[in-house]
Amino acid sequence: MLRHAARRLASRAAVAPTARRALATAEVPAEAAEDSTFVEAWKKVAPNLEAPKTPISLMQPRPPTPASIPTKLTVNFVLPYKSEIANKEVDMVIVPATTGQMGVLPGHVATIAELKPGVLSVHEGNDVTKYFVSSGFAFVHANSIADIVAVEAVPVDQIDPALVQKGLADFTAKLGSASTDLEKAEAQIGVDVHSALNAALTG
Amino acid sequence: MAPLGARSVSTQIVRNRMKSVKNIQKITKAMKMVAASKLRAVQTRTENSRGLWQPFTALLGDAPSVDVKKNVIVAITSDKGLCGGINSTSVKVSRALHKLTSGPDKESKYVILGEKGKVQLVRDSRSSIEMTVSELQKNPINYTQIAVLADDILKNVEYDALRVVFNKFHSVISFKPTMVTILSPEVAEKESEAGGKIGDLDAYEIEGGETKSEILQNLAEFQFSCVLYNGALENACSELGARMSAMDSSSRNAGDMLDRLTLTYNRTRQASITTELTEIISGASALEG
């Protein structure tokens with residue numbers, strides 16, 4: 001009798017999480033496109049074990065390249081600790097690529113760009129949101145979707161100018177007094193980031 | 001069983017068992033509460049990190065059935081036990097992957113994160129273990145720690161394809177083993193030229209002064225650290241969820257056992273009282289007549 005109670009409890013617990021959103025998973029993968037060759041090969045090796053899921057089945061498929069240039073750019077801006085912008089339609093983004101500020105408009109050619117510390121600005125109508133980005137990658141796909149993955153980003157208005165100046169002075173001093181290559185490289189990185197922060201505050 | 005005619009000696013044994021079972025029940029209930037509270041914190045961070053690996057899959061596609069010479073299986077397991085079967089499932093999946101990707105001219109090695117995986121895999125695949133890492137969760141998982149770890153792994157291990165195996169957290173009672181494949185830059189270029197599932201890497205212009213291979217190298221490293229970060233968080237969530245349900249069923253079992261022991265205790269107690277009474281009464285009736 002107690003076993004039946006336990007089973008009923010388990011089945012209720014399976015249903016409950018979707019009702020009580022507090023403890024349920026936020027993301028629901030709509031479809032499950034599996035890689036059939038992998039599943040076939042798996043079944044031969046381990047017939048009793050279910051094949052592990054792969055990333056393709058866990059994310060929404062991307063829309064195909066449209067025939068004409070769309071009017072808006074869809075932006076995804078992700079950081080390790082949150083998705084800052086997810087599937088937002090904007091007019092333009094300017095990313096701090098290693099070659100300089102790169103503007104991305106709808107219909108931009110597909111590009112992979114590595115980012116350097118600098119300002120990322122998102123333009124939507126008349127609103128401009130600026131973030132200082134530490135580094136990362138930006139992918140622009142042919143279907144006018146831009147993915148920006150960064151390690152750390154802060155809105156520009158949250159940067160403290162006094163700390164930036166102090167940091168710049170500290171790292172310039174360290175660069176001067178650095179002896180090993182590793183110290184020189186670390187100090188150089190510090191100087192680069194802080195000068196970019198300085199430029200972000202003034203520009 | 002006590003010999004016939006003895007007085008209430010055997011209830012002591014049952015009482016001791018009841019005390020220990022009640023303690024176990026209290027401990028497992030407390031462990032469940034602790035796991036539940038930790039889970040709440042880690043779950044929000046996990047859900048926030050889910051967007052991190054999607055841009056890479058959107059760019060490079062996914063090729064789990066890629067055929068390469070050097071495979072490295074990175075298995076993420078937990079350090080602590082009492083978390084149900086998640087570590088065993090990860091190890092089973094890793095072993096099957098090892099079988100799948102080993103052959104006459106290709107090999108596969110393990111990199112194990114977490115004590116429980118190491119203990120299980122050392123028993124039969126010690127020669128294939130390249131590197132083990134433990135105490136992952138001593139401090140709360142953050143990106144910097146994982147980036148340093150990823151750097152360490154990439155420095156010490158030669159690979160054509162990295163397969164990260166972990167338990168993805170779907171809900172408090174459901175965890176599915178998941179495998180993410182990351183290709184080394186050379187293999188990624190080869191696959192995209194061959195027109196595999198990687199998608200058209202050549203269609204993408206490389207912005208920047210560096211060569212394409214340098215950018216792809218940085219990309220692969222970045223992808224690995226992002227995937228490892230998300231995988232570590234998901235596995236931590238799954239571990240806590242599995243521990244919650246394991247401790248919950250453990251406290252329920254302890255409760256059942258306590259009920260059964262209480263019945264036995266009462267029966268034994270009543271039997272000894274009845275024995276005493278019958279002795280007295282029969283003794284009294286013997287004296288009378």
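This is a predicted model: local features need pLDDT of at least 70, side-chain atom pairs count only at pLDDT 80 or more; totals for chains, interfaces and linings use all residues.
Residues are numbered from 1 along each chain as its sequence is written, chains are lettered from A and ligands numbered from 1 in the order in which they are written, and side-chain values use heavy atoms, with hydrogens and water left out.

The size of an interface is often given as the accessible area lost when the parts come together. Between chain A and chain B the buried area (the accessible area, with a 1.4 Å probe, that two parts lose on being put together, summed over both) is about 4700 Å², and carbon and sulfur atoms give 71% of this area. On the side of chain A that touches chain B, at least two residues each come from α1 (2–19), α2 (36–45), β1 (73–79), β2 (82–90), β5 (111–115), β8 and β9 of chain A. The largest share of that side is supplied by α1(A), with 6 residues. In terms of contact (heavy atoms within 4.5 Å), 52 residues of chain A meet 52 residues of chain B.

Chain A contains 4 helices and 10 strands, these being DSSP runs numbered from the N terminus (helices H or I, at least four residues; strands E, at least two). From the N terminus on, its elements follow the order α-α-β-β-β-β-β-β-β-β-β-β-α-α. Of its 203 residues, 38% count as buried, where buried means under 20% relative accessible area, exposed over 50% and partly exposed in between (1.4 Å probe, protein chains only).

The domain assignment, with bounds from an automatic or database source, divides chain A into domain 1 (69–157) and domain 2 (161–202). The centres of the two domains, taken over C-alpha atoms, are separated by 25 Å. Between domain 1 and domain 2 of chain A, about 390 Å² is buried, with 89% given by carbon and sulfur atoms. In domain 1 of chain A, Pro117(A), Phe132(A) and Val156(A) lose the most area to domain 2, together 85% of what that side buries. Across this domain interface the rule finds 0 salt bridges and 0 residue pairs in polar contact (both at pLDDT 80 or more). The touching side of domain 1 of chain A divides into 4 nonpolar, no polar and no charged residues.

Within chain A, the side chains of Asp147(A) and Arg62(A) form a salt bridge at 3.2 Å, N to O. This pair links distant parts of the chain, 85 residues apart, with Asp147(A) in strand β9 and Arg62(A) in the loop between α2 and β1 of chain A. Asp147(A) is buried at 0% relative accessible area, whereas Arg62(A) is partly exposed at 27%. In chain B, a salt bridge of 3.1 Å, N to O, joins the side chains of Lys168(B) and Glu234(B). Lys168(B) lies in strand β4 (residues 161–171) and Glu234(B) in helix α7 (residues 212–288) of chain B, 66 residues apart. Both partners count as buried, Lys168(B) at 6% relative accessibility and Glu234(B) at 0%.

Most residues other than glycine have a negative phi. Ser144(A), however, has a positive phi of about 55° and lies in the loop between β8 (136–140) and β9 (145–150) of chain A. Ser144(A) is buried at 2% relative accessibility. Leu82(B) likewise has a positive phi, of about 60°, but is exposed at 53% relative accessible area.

Note on methods
A salt bridge is a side-chain nitrogen of Lys or Arg within 4 Å of a carboxyl oxygen of Asp or Glu. A polar contact is a pair of N or O atoms within 3.5 Å; within protein, one must be able to donate a hydrogen and the other to accept it, and residues adjacent in sequence count only if both atoms are side-chain atoms. Ala, Val, Leu, Ile, Met, Phe, Trp, Tyr, Cys and Pro count as nonpolar, Asp, Glu, Lys and Arg as charged, and the others, Gly among them, as polar.
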